[in-house]
Amino acid sequence: MSTQDPFLNTYGERPLTLVRGSGRRVLDDQGRWYLDAICGIAVNALGHEHPRILAAIAEQSGKLLHTSNLYHVPVQRELAQALVALYDAGGVFLCNSGAEANESALKLARKYHYKRGAPRAEILVAEHAFHGRTLAMVTLTGRDKYQEGYHPLPPGVRVVPDDQMASEISEATCAVFLEPVRGEGGCLPFPDLQGVRDACDAHGALLVYDEIQCGLGRTGTLRVQPEPDIRALAKALGGGLPLGAMVAAPHLADVFGPGDHGSTFGGNPVACAAGLAFLQVLAEEGLEQRCTELGALLRERLEALGVPVVGQGLMLAAQVEASAPLIQHMREVSGVLVCPAGPNAVRFLPAFNSTEAEIHEMADALGAALLAARAATSGR
Ligand code: PLP
């Protein structure tokens with residue numbers, strides 16, 4: 001067998017090989033447990049091995065794994081109904097990932113104007129955004145780092161500074177795509193969603209929230225206000241399985257017709273069962289309120305370390321001089337996994353059901369890393 005790395009080199013060097021997860025911890029192939037404060041980049045919102053998620057997966061996989069979307073499957077309909085009820089929506093398109101949820105939102109927005117007899121091309125996006133890795137979504141992401149070498153990109157996308165977003169919306173605008181809190185951009189809340197909503201209404205443009213990272217309660221709010229026309233969801237929705245959803249407001253329910261969009265795997269029955277279990281636990285345990293409480297504790301602890309903290313709920317970034325050595329120290333010395341949000345931010349995306357002791361452990365790990373970094377600098 002070849003010893004050469006079998007992967008294309010998209011992820012660079014990966015520091016750990018993980019073999020198991022339990023609660024909020026993951027185990028590596030050397031037998032060391034780590035506290036997981038990344039949650040698979042905001043996916044494992046109930047931690048690992050949650051009994052309700054596992055039971056739902058076991059039950060559905062014992063019945064039916066896949067049918068395509070040529071037929072109905074009860075669990076898929078139940079999940080769609082749960083999302084419609086949660087957001088008072090007109091309908092849902094189920095897919096497998098965040099990028100696909102955004103793609104379907106983009107297609108719905110373009111089709112909406114087309115069907116009204118006045119097609120609109122312009123899509124406005126925010127600075128520091130991240131919307132995914134398909135060609136259309138790197139275009140909406142609007143940053144050279146993600147676009148270099150991939151030109152020509154689809155036309156019609158314009159990046160607008162936050163404070164000019166509302167005034168740039170016009171009769172030419174098809175849709176505005178916004179993350180209410182920007183994840184990859186450094187846990188940066190968008191400052192004036194209401195201003196953008198009002199301008200969209202005034203000019204007939206659609207407002208799309210990309211809630212793929214910040215949604216489903218992580219910021220302390222299940223249903224971000226003001227209401228958008230479309231919400232794109234993924235990550236936490238599948239409880240650890242690949243699942244995305246594009247949730248459309250009632251006035252968009254009849255825009256797509258048969259054959260306008262689709263996916264072979266979208267709404268996979270096992271992923272839907274896990275998604276339904278996730279939504280049930282979220283509601284039963286009032287976990288978005290828990291995100292607010294635990295987020296306040298984590299913020300207080302991080303601020304006490306003397307670093308500025310940006311974000312909302314359990315989506316926080318500590319702004320630092322250089323994130324990479326701190327993240328390495330936290331992993332190697334304290335056994336705590338976090339990720340960067342650019343070169344100057346350490347991002348925390350803990351599970352919604354984390355304990356207070358675990359939140360302290362995360363903050364202590366950053367404190368130890370900062371101390372070590374300061375000691376190294378003063379010793380130079
Ligand atoms: N949108 C946001 C806000 C994200 O954070 C991500 C992924 O990190 C995506 C879209 C893309 O999601 P996926 O990687 O599932 O395609």
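Which residue takes a positive phi in the hairpin of β2 and β3? Gly31 does, with a phi near 90°. That hairpin has 4 residues between the strands.

This is a predicted model, in which local features need pLDDT of at least 70 and side-chain atom pairs count only at pLDDT 80 or more, while totals for chains, interfaces and linings use all residues. Residues are numbered from 1 along each chain as its sequence is written, and side-chain values use heavy atoms, with hydrogens and water left out.

Helices (H or I, at least four residues) and strands (E, at least two) are DSSP runs, numbered from the N terminus. Two strands pair if DSSP finds at least two bridges between them. β2 pairs with strand β3 (residues 33-36) over 3 bridges, in the antiparallel sense.

Next comes an open sheet. It has 4 strands, in the order β13-β14-β17-β16, with antiparallel pairing. Its edge strands are β13 (309-312) and β16 (339-340), each of which pairs on one side only. Strand β14 (residues 315-319) and strand β17 (residues 345-348) share 4 bridges and pair in the antiparallel sense. Gln319 stands opposite Ala345 in β17.

Two helix residues give a sense of distance. Gln328 is found in helix α11 (residues 323-334). The C-alpha atoms of Gln328 and Cys339 are separated by 9.5 Å, and the two residues are 11 apart along the chain. Gln328 is partly exposed, with a relative accessible area of 38%. The cut-offs are these: buried means under 20% relative accessible area, exposed over 50%, and partly exposed in between (1.4 Å probe, protein chains only). Ala296 lies in helix α10 (residues 287-303). Ala296 counts as partly exposed, at 45% relative accessibility. Between the C-alpha atoms of Ala296 and Arg197 there are 28 Å, with 99 residues separating the pair along the chain.

Now turn to charge. Side chains of opposite charge can pair when their charged atoms come close. A salt bridge is a side-chain nitrogen of Lys or Arg within 4 Å of a carboxyl oxygen of Asp or Glu. By this rule the count comes to 22 salt bridges.

One of them joins the side chains of Arg24 and Glu358, at 2.9 Å from N to O. Arg24 counts as buried at 17% relative accessibility. Glu358 is buried too, at 8%.

Asp162 forms a salt bridge with Arg182, and their closest N and O atoms are 2.7 Å apart. This pair links distant parts of the chain, 20 residues apart: Asp162 is in the loop between β6 (157-160) and α7 (165-168), and Arg182 is in strand β8 (residues 181-182). Arg182 is buried, with a relative accessible area of 1%.

Arg231 and Glu211 meet through their side chains in a salt bridge of 2.6 Å, N to O. Arg231 sits in strand β11 (residues 230-233), and Glu211 in the loop between β10 (206-210) and β11, 20 residues apart. Arg231 is buried at 2% relative accessibility, and Glu211 is buried at 1%. Salt bridges that share partners join Asp88, Glu211, Arg223, Glu227 and Arg231 into one network.

What surrounds the ligand? A residue is near a molecule if one of its heavy atoms lies within 4 Å of it. There are 13 residues around the ligand, and Gly98, Ala99, Asp210, Gln213 and Lys235 come nearest. The shell divides into 3 nonpolar, 6 polar and 4 charged residues. In this grouping Ala, Val, Leu, Ile, Met, Phe, Trp, Tyr, Cys and Pro count as nonpolar, Asp, Glu, Lys and Arg as charged, and the others, Gly among them, as polar. Helix α4 (residues 98-115) gives the most to the shell, with 3 residues.

An oxygen atom of the ligand is 2.8 Å from a polar backbone atom of Gly98. For Ala99, a polar backbone atom is likewise 2.8 Å from a ligand oxygen. With Gln213, an N or O atom in the side chain is 2.8 Å from an oxygen atom of the ligand. Taken alone the ligand exposes 390 Å², and the protein buries 81% of that. These areas come from the Shrake-Rupley method with a 1.4 Å probe.

Key
A polar contact is a pair of N or O atoms within 3.5 Å; within protein, one must be able to donate a hydrogen and the other to accept it, and residues adjacent in sequence count only if both atoms are side-chain atoms.
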